Amino acid sequence: MLGFRDPVADAIGLLRPRTVIGPSLRAVGEWALRFDTFLHVRIGGLVRGTCWLILDGHEPVLLQQGDTFMLGNPPPYVLASTLEASPRPAAPVLAGAEDGFVRIGPASEEDLYLCVGHIAFDDSNAALLTDLLPPLVIVREADPHGRRLAQLIDLLATEVGVAAAGGPLVQNHLAQILLVHMLRAHAAQTDRPAGWLGALNEDGIGAALRAVHADVAHPWKLKELAEISHMSRSTFAQAFRSHVGVPPLEYLIQWRMSLARDALTRDTLSISELARATGYQSESAFSTAFHRVVGSSPTQFRNRARQSRRSPAGTTVVRSSAQPGDGPRDDAVA
């Protein structure tokens, strides 16, 4: 069985996060650093002090001690002590880090301590998360999730500053815990469809999502999922689409294809085995569904993945070509 029990754990597992922590920033006086665009997610928080976050195309935001932020596939942005400070490229400054820190100004007069981490994902399924995130999420320390996030940032900063045994492992796990708590905070803040983030909410829709992830090969029908959610079929279908962003059975197909992309990338199952594991009675039915969602046949996708592994410089990014309206009827079997 390819699915597990928790949609969030399943999705993050498929994302195969790779974490790079730091370097952290300690600064005093007037300063400004401009960061280039980058892929996937950056998470940071202020252990001490205040600074401005200026994201291209957005209003400047003043970050204060205890605040946490998450950037999803963001455009270039600036971190600055004041809005008047002239920014310089961040890359050369970060390249001069020592012991996990970049210092701007005299070390004895530090008035800002910023801890940051970059989380990259497996390209074949990165859109599972990045398509759901806005460029900027901010959680203030006074928010319901804020204090817990501030504590995690403080723990992460402590690990960066101490050369203790197992430090990189602890930093990696703390960053992933921080990511999950940021996703919880974002899901609580947003009123737009939250995709699999909706599973963070304990409700009928969450129960249906967890059932799908617990047995992805099951021939799910709308009526069965509605019963799990304790709703009528029409109420469930409407609520699911409003909450998650796609109809229930289209979500099931999209999740099956995410699992399939991962398995084909890692070359762990034959196509016939993968078809059965994702709930299809025949290889041809699986291949048709895969081509509709991914835009290529399973064989073509696997061959490109093999070629990419043989060529270190090669990269293959496959994104879903399906539109929400392309899915099966709500009363169909997925």
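Reading helices, a cavity and a pocket

Q: How many residues does helix H11 have, and what does it reach from its first C-alpha to its last?

A: Helix H11 (residues 283–294) has 12 residues and reaches 16 Å from its first C-alpha to its last, close to the 16 Å expected at 1.5 Å a residue. The expected span of a helix is 1.5 Å times one less than its number of residues. Helices (H or I, at least four residues) and strands (E, at least two) are DSSP runs, numbered from the N terminus. This is a predicted model, in which local features need pLDDT of at least 70 and side-chain atom pairs count only at pLDDT 80 or more, while totals for chains, interfaces and linings use all residues. Residues are numbered from 1 along each chain as its sequence is written, and side-chain values use heavy atoms, with hydrogens and water left out.

Q: Which residues of H11 are buried?

A: Buried means under 20% relative accessible area, exposed over 50%, and partly exposed in between (1.4 Å probe, protein chains only). In H11 the buried residues are Phe-286, Ala-289, Phe-290, Val-293 and Val-294. They cover an arc of only 110° around the axis, which puts them on the same side of H11. The arc is that of the directions from the helix axis to the C-beta atoms.

Q: Why do residues three or four places apart in an α-helix point the same way?

A: An α-helix has 3.6 residues a turn, so residues at that spacing point the same way.

Q: Which residues of H8 are buried, and which exposed residues lie on the face turned away?

A: Helix H8 (residues 233–244) has 12 residues that should span 16 Å at 1.5 Å a residue, and its end C-alpha atoms are 16 Å apart, which agrees. Phe-236, Ala-237, Phe-240 and Val-244 are the buried residues of H8. They cover an arc of only 100° around the axis, which puts them on the same side of H8. The face turned away from this buried side carries the exposed residues Ser-234, Gln-238 and Ser-242. The buried residues of H8 pack against helix H6 (204–214), helix H7 (222–228) and helix H9 (248–266). Gly-245 follows H8 and has a positive phi, near 110°.

Q: How many cavities of 30 Å³ or more does the structure hold, and which residues line the largest cavity?

A: On a 1 Å grid over the protein atoms alone, a cavity is a set of points where a 1.4 Å probe fits but cannot get out; a pocket is an open set with protein on both sides within 12 Å along at least five of seven lines; lining residues have an atom within 4 Å of a point. Grid points are joined across faces, edges and corners, and a volume is the space filled by probe spheres set on the points. The structure holds 1 cavity of 30 Å³ or more. The largest cavity is lined by Ile-21, Ile-43, Gly-117, Ile-119, Leu-156, Ala-175 and Leu-178.

Q: What is the volume of the second largest pocket, and which residues lie nearest its centre?

A: The second largest pocket holds about 350 Å³ of space. Its lining has 22 residues, of which Phe-35, Arg-42, Tyr-77, Ala-90 and Leu-94 lie nearest its centre. S11 gives the most to this lining, with 4 residues.

Notes:
Contact means heavy atoms within 4.5 Å.
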